[in-house]
Amino acid sequence: MASSATNLSTPFLNNKLSSVSLSSNDKLSAFSLIFRQPRRKPRFMVLSANVDAKPTVLVAEKLGEAGIKLLKEFANVDCSYNLSPEELCTKISLCDALIVRSGTKVNREVFESSDGRLKVVGRAGVGIDNVDLAAATEHGCLVVNAPTANTVAAAEHGIALLAAMARNVAQADASVKAGKWQRNKYVGVSLVGKTLAVMGFGKVGSEVARRAKGLGMHVVAHDPYAPADRARVIGVDLVSFEEVLATADFISLHMPLTPATSKMLNDETFAKMKKGVRIVNVARGGVIDEEALVKALDAGIVAQAALDVFNEEPPPKDSKLVQHEKVTVTPHLGASTVEAQEGVAIEIAEAVVGALKGELAATAVNAPMVPAEVLTELKPYVLLAEKLGRLAVQLVAGGSGVKSVKVSYGSARAPDDLDTRVLRAMITKGLIEPISSVFVNLVNADFTAKQRGLRITEERITLDGSPESPLDFIQVQIANVESKFASAISETGEIKLEGRVKDGIPHLTKVGSFEVDVSLEGSLILCRQVDQPGMIGKVGSVLGEVNVNVSFMSVGRIAPRKQAVMAIGVDEQTKKETLKKIGDIPAIEEFVFLKL
Ligand SMILES: NC(=O)c1ccc[n+]([C@@H]2O[C@H](COP(=O)([O-])OP(=O)(O)OC[C@H]3O[C@@H](n4cnc5c(N)ncnc54)[C@H](O)[C@@H]3O)[C@@H](O)[C@H]2O)c1
Ligand SMILES: O=C(O)[C@H](O)COP(=O)(O)O
């Protein structure tokens, strides 16, 4: 038996074991974590579902009809466009899901106003810079997007702007409509043979590159995270930022807006560009310092720009950039084709409905991406994990303050073949929910634990044997606490519980140093007694007298006629008087009632 312990600082982004320190004050809701099989395509991650009522989905921006139809099959759909921030905050407390495009700011206030009801935000498009992801996570709200359906539309718009800019299409059009005929003024530049630098070689960037090659351009790309083989397949060289600045005739921007990309094109970088460079932006306005661009246009460093996106949308009417004669603009139309909008609407409606049903979400933005097959396999262990957490925390004596929890996973699988993030989230849920009003799910588990100062350390125990099942046992230990049930304290001084899955059902198999075997269904009474004949009968008849059904009983003892722990599974809530009667049985030394 070998063991290893790991401490990782970004647990949800890592596929290995980790430790986290974690709290919060949300409301307990009717939502629960449910795991189901994917319906059609492999999906990742799961969420919560309102099991009581038809959910309400607020669609705050225009969405394709096909998506609305899908939503209506499952939910009450409120299509309210052009809401003011105040109106959005007022409506949101009545909604389980919200669907937006890029025009709605889903900020912290929106999550706070939802008062715990909002469970899913669907971004009908790619960019999620208008959604406060940190606030969503803190409120246990899943954010999903529709990352693929508008890729081609955005790439086509990029190419449309590139060509229109090079040939002055918009300016010439306006001139002819104004009654002029200025053939000499609108002489353009050719694309063929020119160097196009694609910045951000992701979905849209690579489609732009593919098309630009078809136009005979020499295409290079800058993207610190792009795989070299993707570039090779398209026939594009990945180059440094400096090289882009020095060599590009055209620059097309396709990165997300992040702190690192904000104002990436600024006074300093414009100064390094090849004189007469032309810039296309269908990514996000914020990646360009707009004032710096105006200066670079005036100075002739930048010959022309074609912009679909702006720092502020819509931009101010008197924006120097928009009004600049060398600038072609469109009102954030990259994703706006009939085909893309139908596709995006379907993609986001499916993701939101799936998440509300508790299915796996392929496009979760703020939650771990765990493959569906892994989740399916872990399903019984997920229940076991939550129940062990739930039991362990109920064993802590009041005032002890749980700070440090160690979880050990015994498995014959290779160390990198067991993703424990979901299990850790469920143990966290079990540990926190019984002692607070916080609703914990996969999205906010680590965050909630950290907030509460709860440190969870994970340890992997590699066992010999068949790696067929993912786990042999899970152990949960709470250190530095007193217990209501002294027998739950192990030889090493922690509250210790161990559980296994038997025939698909979670079982409690160890309490402190005592081996027991009780299926974790209903509720549980643990008694410590002096081992002697007739104890099972005595406790059983006290419960029978008040019609409490015993589902399971198991006795674990150190040695015959010495101390023993009896674990009794009961279906019903057991009254205090009945528990007192059990405690009054002379051989019973201590007992505790635990809700599962
Ligand atoms: N105008 C529109 O209507 C429209 C439509 C679709 C997408 N978009 C925007 O286009 C952008 C790209 O979308 P996508 O679907 O291709 O996203 P994507 O995630 O597939 O690609 C983004 C790429 O940018 C790269 N990147 C990240 N940081 C970078 C940096 N500092 N320098 C260079 N590259 C960096 C990433 O590695 C990734 O490969 C997003 O900002 C998105 O919001 C706009
Ligand atoms: O990020 C995106 O998907 C695009 O910017 C499209 O935004 P839209 O949905 O507001 O058109």
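Guide: A polar contact is a pair of N or O atoms within 3.5 Å; within protein, one atom must be able to donate a hydrogen and the other to accept it, and residues adjacent in sequence count only if both atoms are side-chain atoms. The model is predicted: local features need pLDDT of at least 70 and side-chain atom pairs count only at pLDDT 80 or more, while totals for chains, interfaces and linings use all residues. Residues are numbered from 1 along each chain as its sequence is written, chains are lettered from A and ligands numbered from 1 in the order in which they are written, and side-chain values use heavy atoms, with hydrogens and water left out.

Visitor: What makes the pair formed by Asn150 and ligand 2 a polar contact?

Guide: A polar side-chain atom of Asn150 lies 2.9 Å from an oxygen atom of ligand 2, and the cut-off is 3.5 Å, so the pair qualifies. The side chain of Arg123 has an N or O atom 3.0 Å from an oxygen atom of ligand 2. For Ala124, a backbone N or O atom is 3.5 Å from an oxygen atom of this ligand.

Visitor: How much of ligand 2 does the protein bury?

Guide: Alone, ligand 2 exposes 310 Å², of which the protein buries 91%; accessible areas come from the Shrake-Rupley method with a 1.4 Å probe.

Visitor: What lies 2.6 Å from an oxygen atom of ligand 1?

Guide: That is a polar side-chain atom of Asp223. A polar backbone atom of Val282 is 2.9 Å from a nitrogen atom of ligand 1, and an N or O atom in the side chain of His332 is 3.4 Å from an oxygen atom of ligand 1. Of the 850 Å² that ligand 1 exposes when taken alone, the protein buries 88%.

Visitor: Why is α13 described as largely enclosed by the rest of the structure?

Guide: Buried means under 20% relative accessible area. In α13, 14 of the 20 residues are buried, so this helix is largely enclosed.

Visitor: How does the reach of helix α13 compare with the expected span?

Guide: The expected span is 1.5 Å times one less than the number of residues. Helix α13 (residues 338-357) reaches 28 Å from its first C-alpha to its last, close to the 28 Å expected. Gly358 follows α13, and its phi is positive, near 90 degrees.

Technical notes:
Helix = DSSP H or I, 4+ residues; strand = E, 2+ residues; numbered from the N terminus. Buried < 20%, exposed > 50% of the residue type's maximum accessible area, 1.4 Å probe, protein only.
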